[in-house]
Amino acid sequence: NNKKFDICMASSVFGLRNYDIPRAVYGEKVIDDEWNITNNIIAKYLKRYIKEKNKSLIVAFRGQSDYEINMYESIFSGTKNVFLMPRGFPASNTNAYFNTYAAVKKSEVTVSMASSITLEALNYGKKILQVDYSLGKQYFTNYVDGLWQLTNNTYEAFSNRLNQILQLDINEYNNIIKEYKNHVMKIDSAEPTYLKIQKEINKII
């Protein structure tokens, strides 16, 4: 399948259910359901962005719950160049099937709120934008306020950062992010992490 996308949104809806865990550290700054709230905001910003910039988007769902499906369908209904992909199902508007890894590989940049797939994307040499709109800025942004991390919750900041990342040459981007990449994941170019995981799974099954 040769379909390619400008942007992949890796959904993290219901990625955190027990907010008492971060609340024990960050106290009242933690808001119940803030992962879902942030995913909703990112999706609305992306809808506006792809309309304004004439970009394409695939949304890789975390699961296939009615909540997640209804949320994204209500936001993107009628929007051109958007493909919604509930986990385990073909992408909407096309008969093509992509798993999340394939969607990331076929996209110029992956945007997410705290999905671990952004770390895998780094292993593929892909661009990422990690978004954290929590009051405590406690999710995925505790290393350095880099180009690839955004906490300013305005559409203008979101749009400007995506523009900046998309316009960068991939080699220049990778040079900017190399310290973070080494911090979060030891890169083995001979055998990427996802292949190591597949190998271990195959041993079991």
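**Helix packing and nonpolar core**

Student: Is the crossing of α2 and α6 left-handed or right-handed?
Tutor: The structure under discussion is a predicted model. In this model, the sense in which α2 and α6 cross is right-handed.

Student: How are the axes of α2 and α6 oriented to each other: parallel, perpendicular or oblique?
Tutor: Two packed helices are described by the angle between their axes together with the distance between the axes. Here the axes of helix α2 (residues 34–53) and helix α6 (residues 155–167) come within 10 Å, and they cross at roughly 60°. Because of this angle, the arrangement of α2 to α6 is oblique.

Student: Which classes of residue make up the contact of α2 with α6, and how many residues are in each?
Tutor: From α2, the residues involved are Ile 42, Tyr 45, Leu 46, Arg 48, Tyr 49, Glu 52 and Lys 53, and they meet Tyr 155, Glu 156, Phe 158, Ser 159, Leu 162, Asn 163 and Leu 166 of α6. Sorted by class, this contact holds eight nonpolar, two polar and four charged residues.

Student: With which residues is Tyr 72 in contact, leaving aside its neighbours within four places in sequence?
Tutor: Tyr 72 is among the residues with the most contacts inside the largest nonpolar core. With neighbours within four places in sequence left aside, the contacts of Tyr 72 are Met 9, Ser 11, Val 13, Asn 39, Ala 43, Val 59, Phe 61 and Leu 84.

Student: Does Leu 147 count as buried or exposed?
Tutor: Leu 147 lies in the loop between β5 (127–131) and β6 (149–150). Leaving aside neighbours within four places in sequence, Leu 147 is in contact with Leu 129, Arg 161, Gln 164, Ile 165, Leu 168, Tyr 173 and Ile 176. Its relative accessibility is 12%, so Leu 147 counts as buried.

Student: How far apart in space are Leu 147 and Leu 162?
Tutor: In sequence, Leu 147 and Leu 162 are 15 residues apart. From C-alpha to C-alpha, their separation in space is 9.6 Å.

Student: What percentage of the residues of the chain count as buried?
Tutor: The chain contains eight helices and six strands. Of its 205 residues, the part that counts as buried is 49%.

Key. Residues numbered from 1 in each chain as written. Predicted model: local features only at pLDDT ≥ 70, side-chain atom pairs only at ≥ 80, totals over all residues. Heavy atoms only, no water. Axes fitted to C-alpha atoms, helices over the stretch in contact; angles between N-to-C directions. Helix = DSSP H or I, 4+ residues; strand = E, 2+ residues; numbered from the N terminus. Parallel < 35°, antiparallel > 145°, perpendicular 65-115°, else oblique. Left-handed = near helix turned anticlockwise from the far one by under 90°. Contact = heavy atoms within 4.5 Å. Nonpolar A, V, L, I, M, F, W, Y, C, P; charged D, E, K, R; others polar. Core = buried A, V, L, I, M, F, W, Y, C linked by side-chain atoms within 4.5 Å. Buried < 20%, exposed > 50% of the residue type's maximum accessible area, 1.4 Å probe, protein only.
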